[in-house]
Amino acid sequence: MTTHKMLLISTGGTIGGEIAKRKKHEDEEYAKAEAFSELTRDTVSYLKKEYDIDADIEPEEFCEVDSSDIKPSHWTGLSELVHNKFNEYDSFVITHGTNTLGYTCAALSFALVNPGKPV
């Protein structure tokens, strides 16, 4: 079975709010990791069953903002994060609210030209 390493980057929004609601542990980082694990459990099970892929999903909280408040500095930071961790992961998933999602996608497409990995 192939192990696929994925970095799950949170920018806040609805998903970030769901994670925040689930924090019930003294160790905040542990609670966030557990909440991300819970939210991705069905996806990981599907990948294992249908494609024989063992997904190792590591969460990383980039910021906790409403997508209406995403600015060019966030786009720069996201592209730098992906660039800095590029060799450690097979793919990158960025959770993001819908208000400025298109702008963030466009900015990252220019910043990460032909990355050769899913972002």
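Analyst: **The sheet and its surroundings**

In E2, Asp-54 is the bridge partner of Thr-3. The model is predicted, so local features need pLDDT of at least 70 and side-chain atom pairs pLDDT 80 or more, whereas totals for chains, interfaces and linings use all residues. Residues are numbered from 1 along each chain as its sequence is written, and side-chain values use heavy atoms, with hydrogens and water left out.

The bridge belongs to a set of ten that join strand E1, residues 2–12, to E2, the two running parallel (strands are DSSP runs of E with at least two residues, helices runs of H or I with at least four, numbered from the N terminus). Three strands make up the open sheet, in the order E2-E1-E3 and with parallel pairing, where pairing requires at least two DSSP bridges between two strands. Strand E2 (53–65) and strand E3 (91–95) are the edge strands, each pairing on one side only. On average, neighbouring strands of this sheet are turned by 20 degrees against each other, with direction ignored.

Helix H3, residues 72–85, packs on the sheet and touches E1, E2 and E3, while its direction makes about 150 degrees with that of E2 (contact means heavy atoms within 4.5 Å; axes are lines fitted to C-alpha atoms, for helices over the stretch in contact, and angles between N-to-C directions run from 0 to 180 degrees).
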